[in-house]
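This briefing accompanies the structure shown below.

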Amino acid sequence: MSTIILTDHIETPIGPMLLMVRDDRIIGLEFDDQPERYLKDLRHRFGEFTFAETSNPCGFSDQLRAYYAGDIRAIDALPTIGGGTPFQERVWTELRRIPAGTTISYGELAVRLGDKKATRAVGLANGRNPISVVVPCHRVIGADGSLTGYGGGVPRKKWLLAHEGVVPAKERTNRQADLFSGGF
């Protein structure tokens, strides 16, 4: 028997997203220009599945639209289920504890999980996050303040952080240098 996954396409300022819902929980939220990223993951997690296009499943689409319209806390309580390994689920749970408007490094995230040596494993789990934006993997940056990789692309990560009011330390330093040198 095929799993039914409710979907909705959501237009955002940084590209269309595909919302995927099963059993009243978000199981996927990905930029729609990267179907290979989410289709492979869905097959791994659910085997056979069928998409059923639905308008605003469980009201989640409206909450995502509110986030993109400026209410950055609108997505904080959305129910999710990632379907990952126990370690991935721990990482993804901890990601949801990073408040909008803040960032942490992969190393800091590893420490929060109780193993400062797990930085690389944390990065891998972060990269496998199937629920972009709601499980805010974009809030994790390099130890030096740099915007490290992001499944949706670094320009989108930069936009999301700016939307939430974050100017990464490395960029802040570059802007200050520009101001002192007279450049803009």
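Ile-14 is buried in this predicted model, because its relative accessible area of 13% is under the 20% cut-off. The residue is found in the loop between strand S1 (3-10) and strand S2 (17-22). The points below begin with this residue and its surroundings, and then turn to other sites and to the protein as a whole.

- Not counting residues up to four places away in sequence, Ile-14 touches Phe-31, Tyr-68, Arg-156, Trp-159 and Leu-160.
- Along the chain, Ile-14 and Cys-137 are 123 residues apart, and their C-alpha atoms are separated by 16 Å.
- Thr-3 lies in strand S1, and with a relative accessible area of 14% Thr-3 is buried.
- The residues that Thr-3 touches, not counting those up to four places away in sequence, are Arg-22, Phe-46, Glu-48, Phe-49 and Thr-50.

**The loop between H5 and S6: Arg-128**

- Arg-128 has its place in the loop between helix H5 (119-127) and strand S6 (140-141).
- Arg-128 is partly exposed, since its relative accessible area of 48% falls between the 20% and 50% cut-offs.
- Not counting residues up to four places away in sequence, Arg-128 touches Asp-41, Gln-88 and Trp-92.
- The C-alpha atoms of Arg-128 and Arg-37 are separated by 9.4 Å, and these two residues are 91 residues apart along the chain.

**The loop between H5 and S6: Asn-129**

- Asn-129 is also found in the loop between H5 and S6.
- Asn-129 is buried, with a relative accessible area of 2%, whereas Arg-128 is partly exposed at 48%.
- A polar atom of the Asn-129 side chain lies 2.9 Å from the backbone nitrogen of Ile-131.
- The Asn-129 side chain also reaches the backbone oxygen of Val-135, at 2.7 Å.
- With its neighbours within four places in sequence left aside, Asn-129 is in contact with Glu-30, Arg-37, Trp-92, Val-135 and Cys-137.

**Helix H4: Ala-110**

- Ala-110 lies in helix H4, which covers residues 106-112.
- The relative accessible area of Ala-110 is 0%, so this residue counts as buried.
- Leaving aside its neighbours within four places in sequence, Ala-110 is in contact with Asp-115, Lys-116, Ala-118, Thr-119 and Val-122.
- Val-91 is 19 residues from Ala-110 along the chain, and the C-alpha atoms of the two are separated by 8.4 Å.

- Most residues other than glycine have a negative phi.
- Asn-56 has a positive phi of about 55 degrees although it is not a glycine.
- Asn-56 lies in the loop between strand S4 (49-53) and helix H2 (60-68), and is partly exposed with a relative accessible area of 21%.
- Cys-58, which is not a glycine either, has a positive phi of about 60 degrees.
- The place of Cys-58 is likewise in the loop between S4 and H2, and at 38% relative accessibility Cys-58 counts as partly exposed.

**The protein as a whole**

- The protein has seven helices and six strands, and from the N terminus on its elements run β-β-β-α-β-α-α-β-α-α-β-α-α.
- The radius of gyration is 17 Å, close to the 16 Å that the globule rule gives for 184 residues, so the protein is as compact as a globular protein of that length.
- Taken along the principal axes, the box filled by the C-alpha atoms is roughly 65 × 35 × 30 Å.
- Of the 184 residues in the protein, 45% are buried.
- Among contacts between residues at least 6 apart in sequence, 57% join residues at least 24 apart.
- The accessible surface comes to about 9,400 Å², and 54% of it belongs to carbon and sulfur atoms.

Notes: Residues numbered from 1 in each chain as written. Predicted model: local features only at pLDDT ≥ 70, side-chain atom pairs only at ≥ 80, totals over all residues. Heavy atoms only, no water. Helix = DSSP H or I, 4+ residues; strand = E, 2+ residues; numbered from the N terminus. Buried < 20%, exposed > 50% of the residue type's maximum accessible area, 1.4 Å probe, protein only. Contact = heavy atoms within 4.5 Å. Polar contact = N/O pair within 3.5 Å; in protein donor to acceptor, adjacent residues only side chain to side chain. Rg over C-alpha atoms; globule rule 2.2 N^0.38 Å. Areas by Shrake-Rupley, 256 points an atom, 1.4 Å probe, with all protein chains shown as cover.
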